[in-house]
Amino acid sequence: MKIQEFCDMAAFGDIMKNWADATGLACVAVGADGEYISDSYNFTEFCMKCTRGTEEGRKRCEKNDREGKGIYHCHAGLMDFAIDLVIDGKKYGQVIGGQILPENPDEDKFRQVAKEIGADPDRYIDALHKVNVRSEKEIRASANLLGEVLNNFINAQYYSMRTHRDMEKLTTGITKTQALVKDIIKCTAELQNLQKHQRIVAINASIEAARVGQAGRGFAVVAEEVQKLSESSSESNKKIENIVNEIKDTVAGLTDLDKDDE
């Protein structure tokens, strides 16, 4: 199951946008498959064009993307983060971002990075001056806050979806059970009618038995009729047994509503 299958993605995006506007940090969300599931916010020219715009810079950034966990310093000297989105211990995606300076930059160091990755040093430094600066403490607090808020949000959305689904399943089960109970009542009524006929036939059989000397054939017919009624009663009893078993299965399903999550 994917986040976008149970989550209000418009509200999800609003949380990220408001956070990005408030902190000045970049952010974007990806699913468990690594595909983007939200818009990107505050992505910088320095990272996306100047650094990732060169072959070597892209390789270094992709290595950081694969290996970076939590809140970390990237190869270029900025701070990034990658925080898992988790429900019941299962990872459903990540919120990643940062692209921010933890202190005022040392231009000489960044010019050296530009040379190493094959970027134009002057353009690199010009883009660097557009990157926001926050203390490392502020960056860590902001990133952790976004992770907590998004995790709380997707968990609330997930359990709301599950509750709604389980209620639908419960309602369906109750309706089916009610129908089965009606069938039981109907079969019970049929059985009672058969039993009444059997009693009448039994009385007639007794009368014929008293007169067996003259009406042996009639007694045989009556006995055969009793047998048929007995067989019909057995069939009705079997129907009741099957219905009761089906009710048991339905009730078992109602007590096991949380096994269809995947």
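This is a predicted model: local features need pLDDT of at least 70, side-chain atom pairs count only at pLDDT 80 or more; totals for chains, interfaces and linings use all residues.
Me: What makes Lys-17 and Asp-21 a salt bridge?
Reply: Their closest N and O atoms are 3.0 Å apart. A salt bridge needs a side-chain nitrogen of Lys or Arg within 4 Å of a carboxyl oxygen of Asp or Glu, so this pair qualifies.

Me: Where do Lys-17 and Asp-21 sit relative to one another?
Reply: Both belong to helix α2, residues 9–23, and because they are four residues apart there, about one helical turn separates them.

Me: Why is Lys-17 called partly exposed?
Reply: Its relative accessible area is 38%. Buried means under 20% and exposed means over 50%, so Lys-17 falls in between.

Me: How do you know that Lys-59 and Glu-55 form a salt bridge?
Reply: Here the closest N and O atoms are 3.6 Å apart. The limit is 4 Å, so the pair counts. These two residues are also four apart, this time in helix α4 (residues 55–67), with about one helical turn between them. Lys-59 has 46% relative accessibility, which makes it partly exposed.

Me: What about Glu-56 and Arg-60 in helix α4?
Reply: They form a salt bridge too, with 3.0 Å between the closest N and O atoms. Being four residues apart, they are separated by about one helical turn. Glu-56 is partly exposed at 32%, and Arg-60 is partly exposed at 25%. Both values lie between the 20% and 50% limits, so neither residue counts as buried or exposed.

Me: Why can side chains pair like this?
Reply: Side chains of opposite charge can pair when their charged atoms come close.

Me: How many salt bridges does the whole structure have, and which residues are linked in a network?
Reply: A search of the whole structure finds 12. Glu-45, Arg-123, Asp-126 and Lys-130 are linked in a network of salt bridges.

Me: What makes the patch with Asp-106 negative?
Reply: The patch is formed by Glu-103, Asp-106, Glu-107 and Asp-108. Asp and Glu count as negative, so the patch does as well. Asp-106 is in the loop between β4 (90–100) and α5 (107–117).

Me: Why is Thr-44 called buried?
Reply: Its relative accessible area is 13%, and the cut-off is under 20%, so Thr-44 counts as buried. Thr-44 lies in the loop between β1 (26–31) and α3 (45–51). Its side chain reaches the backbone nitrogen of Cys-47 at 3.1 Å.

Definitions and conventions: Residues are numbered from 1 along each chain as its sequence is written. Side-chain values use heavy atoms; hydrogens and water are left out. Patches are made of residues with over 30% relative accessible area and no salt bridge: like charges are joined within 9 Å, nonpolar side chains (Val, Leu, Ile, Met, Phe, Trp, Tyr) within 5 Å. Accessible areas come from the Shrake-Rupley method with a 1.4 Å probe; for residues, only the protein chains shown count as cover. The place of a charge is taken as NZ of Lys, CZ of Arg, CG of Asp or CD of Glu. Buried means under 20% relative accessible area, exposed over 50%, partly exposed in between (1.4 Å probe, protein chains only). A polar contact is a pair of N or O atoms within 3.5 Å; within protein, one must be able to donate a hydrogen and the other to accept it, and residues adjacent in sequence count only if both atoms are side-chain atoms.
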